[in-house]
Amino acid sequence: MTRIPSPTVELHRETLSNGLRVVLSPDHSAPVIAIGVHYDVGFRSEPQGRTGFAHLFEHLMFQGSESLEKLAHFRHVQSSGGTFNGSTHPDYTNYFEIVPSAALERALFIEADRMRAPRITAENLRNQVDVVKEEIRLNVLNRPYGGFPWITLPPVLYDTFPNAHNGYGDFSELEAATVEDCAAFFDVYYAPGNAVLTVSGDFQVDAAVELVHRHFDDVPTRSVPVLPSFAEPLPDRERRHRQLDPLVPLPALALGYRLPDPAAGFDGYLAYEVLCAVLSDGDSSRLEQRLVHTDALVTDIGARCGLFGAPLDARDPDTLIITVMHPSNVDANRVLEATDEEITRLAADGPGPDELARITARWAATLFRENDRLVSRTMAIGAFELLHGRAELVTELPAMVASMGSEQVANAAAALRSDSRAVLIVEPANGSSGSMLDLATPGQEA
Amino acid sequence: MLHRSAEQIGRTELGPRPLPPLGPPRPSSAPAAVDTVLDSGLRVIAVRRSAVPMVELRLEIPFGGTHPTHPARAELLAMTLLRGTPRRDRFAIDKVLAAVGGDLAAGVDPEHLSVSGSALASGLEVVLDVLGDALVSASYATADVVRERDRLVERLTVNRSQPRVIAREALQRRRYGDHPFAREWPEADDVAAVTPAALRALHRRSVVPGGAVLVLVGDIVPASAVEAVASILAGWQSDHPATELAALPELTGADLQLVHRDSAVQSQLRLSAQAVPRNHERYPALQVANLVFGGYFSSRWVENIREDKGYTYSAHCGFEYTRYGATLVAEADTASEVTAAALLETRYELGRIAVTPPDETEVDNARHYAIGSLTIATSSQRGLTGHLATLAILGLDLDWLLTHPGRLQGVTTGQVAEAAAEFFAPSRFTGVVVGDAKRLADPLAALGGVELPPLPS
C-alpha cells in the first residue's frame, strides 16, 4: 500500500491582553503571507427579523475604518500586490488578505484598524444592501438550483430560527437593516476576545509577534458574548418537502441527516466524513457505482459533511447532505430506495480494508493539495482554532481518517436513518411565473 | 443591551494612523525545471515545487475540429477517455488512482483536449501508467459510451438553463458566428447520435502527441520525471500531429445584441473587443490598462458600478487567450431595473479610460497588483501547473513567467495611456445583453447602440 507522508505545519500561539487569540504558522516556500481573522459569529446568530444580517455586516467591514477611507481597504491590499475576501458561515465570519511578504505589516494594520474602529455609515449600508441583493439575484433568484441545498434544505431538517432560516436573507429584512443594528452587532460580536487572528507564510515568528502586538494591542478589550447553544432534537420522523422551481430543467433531491456533535469527539464526526467518501468519492464509490453506472438512475450524486461541503466547519448541530440530480422519468422514490439499500448494506458489512485504504490515501492527498494553497491553509487553521480550539487539525486529520475502522463507518451508516432525515424534492414547474419558491412553510409533506 | 453608536465605534482617541510602508521585496527563486520535446513530439515541462508531497499534472492536446458535430464527439471522448482500457475498467481505474491519492479528469474546449490530475508524488508512475494506457488504448466500450451519452444530454439541459451559459453562448455567436470556436457545448441531438466507433476514429486521428504539452509540477526531480514520462508514455506515438483550431477572425466593434430570457430578474452584460496576447510587446501595457479599467476590484469600473452605484455584485474585465490571439471580455450581472443604467456607466468608463488616461498612481497600483498576484497565483503547485500549461500553448515557458515582473516594471504611464486609448475605445466593442426584453427594450432603445429582438408576447 502507498505510504502516506505526514503533513508538517509549524504552529505557534499567542493570546493578547485584550483576548485576541493569535496563531502563527511560518512557511518559507514562497515569498507570500496570508492573514485571516475569524470572528465567532455567523448567520445562526443573527436576530429574527434580520435574516442575512451577518453576511451584510461582513460586506460593511470592507467599507472603511478610522484610518482607511471608503475604497482604501481594497486599494491598499491590491496595490501591495495582494487580494482579499471574506465569507459568512453558520458559526463564524472570516476575512483574509494574501499578499507578498513585504506587505505583512500593512496587512496586519488593515485588519487591526477595522477590528478597532470600522466606519459604519448610512450611505455605505444602503450601497452594500444593493450589492448584496445583486449577489442574491446572481446566486439564488436568477439561477436554477439557486441556494440548493444550503438555503433550501435546512428549513426541512430544522425547526428553530437559527438553524432553519435563510442565511442570505430576505430582501425586505436586508432593506430594514439600520446603522444602529450594525453598531450593536459589532459591539457584541466583533470583540477581540471573540476572534482568532492567523498569520501564515514567509515571515520570522519573533518579528511577526512584535508586529501583531504593535497593531492589535490597543484594540480595546470588550466583553465576549456567551456561546449560544443551537441544539435541537432530531426529527422524530422523515420530513419531506416538495419544491417546484420554474427555472430547473431536471429534478433534484437533497437528503439531510444530523451529524454527531464534534465537541463529543472528532472520531465520532469523522466516521461520517469517511462514510461520505465510501458513498460518493469516485467511480468506484458505493452510490456512484450503483446509482450512476449500474442502475443508471441518476445523473450525478454526492455525499458530504457540512452545509458548504467542508467537514468540521460548524459546531453542533451540523448536517450530512446527499445531493442528487436525476432525469424526469426516474421517480424520486426509486432513487431513495437504492440509496437506502446501499446505506443499509454498508451498515451491515462496513467498508473493506482496501476501500478504507483508498479513502485514506485520497483524503490525505486532497488535504495536501488544499494546504498547498496558502490562503486555504490559513483559513482552515483559523476556523479549526476558533470552532474547536485545535488549529493542529490541519495536520492531524489524515491520521484520524487513517485510523478509522470499518465498524465505526458501519455504525455511522446505521445512523443515517430514514425516519429522522429531511428529504427535499426539487421539481421543474411548468409555466413561466418567475417567482421563487415559497419556503415559508417548511416541512410540508410531499 | 447597551452599545456604542456607529460614530463612537468609528473613532479612537489617537485618531487615524499612517499606513505602514512595504518591507523589502523578496523575489521568488527560480525552481529546478526541465522543458523538452520527446521523440513522439510531446513537449514535457517538469518543475520541482516541493512544499507538499504531491505532484500535479496537466496534458493539453490541440483538438480542433470543423464539422458541426465535432463538439459532441469531442465532449463524449473526454467523458469516456479515462473510463476503461483492455487492462482496467472504469472502476479498476478509479481504484488504482485512489490508492496513490490520485485523480485524473479530462475536459475539452474548442481548442484543446485537457487532462488534469494529481497524486501523492510517490504515485507519479501509477498516474502516468493510467494516463498512458488510456492514451494508447482507451476502449470506448459501448456500455460506457451509451451511459455517458445519456448523462451528457442531461447535463447539457442543466447547463443551458444557467444564465451564465446562456450569456456565454450568445456572446460566442455574436463574436464568432458559425466559427467552430463558438461551439463550446455540443447539441443534445448530436450527442445522441455519437457511436463508440466514431469515438475510436476521433481518438486515432486526434489524441496524438505531436504538438501536445504535458506539464508536471510537484515534489519531483524534473529530469527523473521526464524520464518516467518518456518511458511510460513510449507507446503513445502517431505519424501525424494534433489538429489546431482554425485561426479566429479579428473582432470588430458592433452594436450590442439584446437576447431575451423569459422572467429574468437579472441581466448579463457581456462586452468584448480584440486585444493582444501575452507574447506581444504591447501586452504588459495593455494588461495594466485593463486592470485600471475593470481587471481588479480597485478598478474604475468596479468602483463605479459596484461600490458607488450598487448595480452589481461583481464586474470584471479579463483577457481570453487563444492559440493565436486574445480578446478582452467585460462581464457584469445586474438587476433588470438598473441594466440600462449599468450599461451607460460601462460605456462611460470605456470612453473615460480611452480619453482620460490612467495617472501614475493608478498605473503603479495596477502594476504592483499584476506582479504580486502572479507570485501568489503561481505559489501553489496547482496554480503553477495551470499557468505553465496556458503559456506553453502560446509557445512560452517558465522563463517568460519569471521575467514577466520585469516587463511590468518597465511599462511607462505613457505606454499604458496609448494602450488604453487604442484598445478600450467603446466603438471597438461588440457583445450581448441577456435579460427580460420586456423590461429592457425601452431603456436600451433610448440609450442606442443595442440591436433589439422582436418583442416577446
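In this predicted model, the buried residues of helix H4 of chain B are covered by elements that include strand S3 (54-62), helix H3 (90-98), strand S4 (103-108), strand S5 (112-120) and helix H9 (222-232) of chain B. Helix H4 itself spans residues 124-137 of chain B, 14 residues in total, and reaches 20 Å from its first C-alpha to its last, close to the 20 Å expected at 1.5 Å a residue. The buried positions of H4(B) are B:Leu124, B:Val127, B:Leu128, B:Val130, B:Leu131, B:Asp133, B:Ala134 and B:Leu135.

Turning to the domains, chain B is assigned a domain 1 (33-232) and a domain 2 (256-451), with C-alpha centres 29 Å apart. Here, 23 residues of domain 1 of chain B are in contact with 24 residues of domain 2 of chain B. On the domain 1 side, strands S1 (33-37), S2 (43-48), S3 and S6 (213-218) and helix H6 (163-176) of chain B each give two or more residues, and H6(B) gives the most, with eight. By class, this side of domain 1 of chain B comprises twelve nonpolar, one polar and ten charged residues.

Chain A is likewise assigned a domain 1 (12-216) and a domain 2 (239-428), and their C-alpha centres lie 28 Å apart. The contact draws 29 residues from domain 1 of chain A and 34 from domain 2 of chain A. Strands S2 (21-26), S3 (32-39), S5 (93-100) and S6 (195-201), together with helix H5 (154-157), each supply at least two residues of the domain 1 side in chain A. That side has 16 nonpolar, ten polar and three charged residues.

Conventions
Residues numbered from 1 in each chain as written. Chains lettered and ligands numbered in written order. Predicted model: local features only at pLDDT ≥ 70, side-chain atom pairs only at ≥ 80, totals over all residues. Domains from an automatic or database assignment. Contact = placed C-beta atoms within 7 Å. Helix = DSSP H or I, 4+ residues; strand = E, 2+ residues; numbered from the N terminus. Nonpolar A, V, L, I, M, F, W, Y, C, P; charged D, E, K, R; others polar. Expected span 1.5 Å × (residues − 1). Buried ≥ 20, exposed ≤ 12 C-beta atoms within 10 Å, placed from the backbone.
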